[in-house]
Amino acid sequence: MQTVIDAHNVSKVYNADTIPVYAVNNVHLHLQKGEFTALVGPSGSGKTTLLNLIGGLDKPDSGHIIINGVDITTLSANELINFRLKNIGFVFQSFNLIPVLTAKENAEFILQLQKVHKQEREKRIEVLFKEIGLSDKLNERPSKLSGGQQQRVAVARALASRPQFVLADEPTANLDSGSASNLLDIMAQLNKEEGITFLFSTHDQRVIDRARRVITLVDGQIARDTAAVPVTHETIVSNEKP
Amino acid sequence: MWLIKLAWKNIWRNRSRTLITMAAIFFAVILSVLTSSLQDGVFDNLVKNMVSFYSGYMQVHKKGYWNEQILDNSFEASPRAEQQILANKNITGISPRLESFALASSADVTKGCLVVGISPEEENNITRLKEKVTEGSYLRDDDPGILLSEGLSKRLQLHLHDTIVLIGQGYHGATAAGKYPIKGMVKFGSPDLNDKTLFMTLSSAQDLYGAYNMLTSYVIALNDNRNLQKTAASIRSGMGEQYEVMTWEEMMPDVVQHIRTDTASSRIIQGILYLLICFGIFGTLLMMMVERKFEMGMLVAIGMKKIKLILLLLIESVITVVSGCLLGIMAGVPVVWYLNRHPISLSGETADIYERFGFEPVFPASTEGVHFFTQGLIVLVIGLLLSLYPMIKVTRLKPVLAMKR
Ligand SMILES: Nc1ncnc2c1ncn2[C@@H]1O[C@H](COP(=O)(O)OP(=O)(O)OP(=O)(O)O)[C@@H](O)[C@H]1O
Ligand SMILES: [Mg+2]
């Protein structure tokens, strides 16, 4: 198995000079290629912060994050942008898409940044839109799509660039349960059939249930990391209690 | 190419914002073009009137003549010097004059007057003296008669074809005296000139004063007032030490002073105009940055290089600002053209000066392309400089913070 994410001793402290908040505290995390992992934990436990660190959107105060053999904590801001473009797919909670571009153009956008030529772009997008079930919405603008459809387009965009893995911070948070489960279906299917590695944070038990590995964060530290034992609703609820 | 397409779509994502920006630029260009063409039209007209009125654009005298305007400060006519002056390509005409004072008498009255000996044709080319003839006819070369200004004729109670007697002091203390038929009457708006001027041919004047072959000045006409200083400098260096070369600005400093004050106040108006559009444009830019902050964070997060994002914003601003400017210039052309054909009449200080010299206070706008060009350029530069703001913001953009709600 190939390791795609290898985080050592990673910490991120906010307000270091007043009342320090250890948003991420000494985290060790290893993710293999092909994993389908949920990052859970109460609000403020550091999920977003950790995902931002792994995605190279933010720098840790200490520790190292090695992605596909590259220590991204040593990269400059510009190198990081380029690294993200080539290696990481992002799905955010909302407003993933450029409103003035159609669904297809939004997915195509990242390929244009990567300078993929036209024919190849068309091919990849056709396949991806079939997989997310939006072949008939290619030329719609985001405002004409439902929240769930928009998130599916975001997944398509994240995958179009053939990243090492996809990071998704609460991708279902703004969706109704039907759309959420539909998005999860698509993600799970892409994971199973194409071996795409997903790491996503969530509060939603039904989403957690679909994960093959669940990492629970409490106060910036990994409290539980289980692939074998499914996390139950009770463990989440108990985590959310102070 | 796709970046340009995206920029184009972004421009129209918020139609009213783009239209506000473009309208601000559009009106700024029109108004500033208008201010500057009107201003320039007024001054062009003023200058043209002033110089063709009496002084010409430049005069050459013997050194010291301007301070002490006496015949003994005259110089010998020199065809070689005339040729040399005319060789300058900015100079369109030259006319010799011999000016001095004399006492003019009719049967019962005697008045002091200014006798101007002229070369009729050349003089008319520069100061349009012929157009000022109200009665009788203009002087021919070798005409024995004179032209009398209307005010002076009234004071002397003289009429067309009467004879006038002149007595004065000639060159180097000689006595000057002569009798001349009145061939025509001329009218000047300036009371000063109208009450005391008398024109005769150059040779008559040289005879009268015993100043054979002598001149007090060469009056020089120029193709364009913009070449004034440059041409004066080149004539000055060509003529040598014994002459003085004076521009109309040196001879009529009060007119120059007036133009300066007026220009300064219209600069202030333009400054305020520029300031207003700055606020207008900046406001829309701030709006845009707030609206698109999250999206820009997202774009950098997924791997768009900041330089590309800056380029995108640059294309958007260039399209908006340039088209606003071009539309403004295009709309300005007919407006300025109209104000050129239908000149506005002014009142106030400028009009007073005009009336003092007897011109109609009416000002056609200047249709010079330079106004469109410079004002368009100024607004363009202001617009583009302001649009650096979002670009600078992008260089400091942190995706994590930009995407926080
Ligand atoms: N920019 C910041 N400045 C200061 N403190 C911050 C900042 N961002 C996050 N924090 C703090 O770091 C901690 C972790 O925040 P984080 O957003 O990672 O939590 P989370 O698990 O994603 O929460 P949620 O489930 O609500 O999204 C919180 O205590 C938060 O207040
Ligand atoms: Mg979060």
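## The open sheet of chain A

In this predicted model, chain A holds an open sheet of 6 strands, arranged in the order S6-S7-S8-S3-S9-S10 and with mixed pairing. Strand S6 (88–91) and S10 of chain A stand at the edges, and because each has a single partner strand, one side of each is left without a neighbour in the sheet. With direction ignored, neighbouring strands of this sheet are turned against each other by 20 degrees on average.

Strand S9 (residues 213–218) and strand S10 (residues 221–226) of chain A, by contrast, pair in the antiparallel sense over 5 bridges, where A:Ile215 has A:Asp225 in S10(A) as its bridge partner. S9(A) and S10(A) form a hairpin with 2 residues between them, and A:Asp219 in the turn has a positive phi of about 50 degrees.

Ligand 1 lies between chains A and B. Its shell has 14 residues, of which A:Ser43, A:Gly44, A:Lys47, A:Thr48 and A:Thr49 come nearest; by class, the shell has 4 nonpolar, 7 polar and 3 charged residues. Strand S2 (21–32) and helix H1 (47–54) of chain A each supply at least two residues of this shell, and H1(A) gives the most, with 3 residues.

Several polar contacts involve oxygen atoms of the ligand. A polar side-chain atom of A:Ser43 lies 2.5 Å from an oxygen atom of ligand 1, and an N or O atom in the side chain of A:Lys47 is 2.7 Å from an oxygen atom of ligand 1, whereas for A:Ser45 it is a backbone N or O atom that lies 3.2 Å from an oxygen atom of ligand 1. Of the 630 Å² of accessible area that ligand 1 has on its own, the protein covers 69%.

## A helix pair in chain B

In chain B, the axes of helix H2 (residues 15–55) and helix H10 (residues 253–302) come within 9 Å and cross at roughly 175 degrees. Because angles over 145 degrees count as roughly antiparallel, H2(B) is roughly antiparallel to H10(B). The contact of H2(B) with H10(B) has, by class, 17 nonpolar, 10 polar and 3 charged residues.

Technical notes:
Residues numbered from 1 in each chain as written. Chains lettered and ligands numbered in written order. Predicted model: local features only at pLDDT ≥ 70, side-chain atom pairs only at ≥ 80, totals over all residues. Heavy atoms only, no water. Near = heavy atom within 4 Å. Polar contact = N/O pair within 3.5 Å; in protein donor to acceptor, adjacent residues only side chain to side chain. Areas by Shrake-Rupley, 256 points an atom, 1.4 Å probe, with all protein chains shown as cover. Helix = DSSP H or I, 4+ residues; strand = E, 2+ residues; numbered from the N terminus. Nonpolar A, V, L, I, M, F, W, Y, C, P; charged D, E, K, R; others polar. Pairing = 2+ DSSP bridges. Axes fitted to C-alpha atoms, helices over the stretch in contact; angles between N-to-C directions. Parallel < 35°, antiparallel > 145°, perpendicular 65-115°, else oblique.
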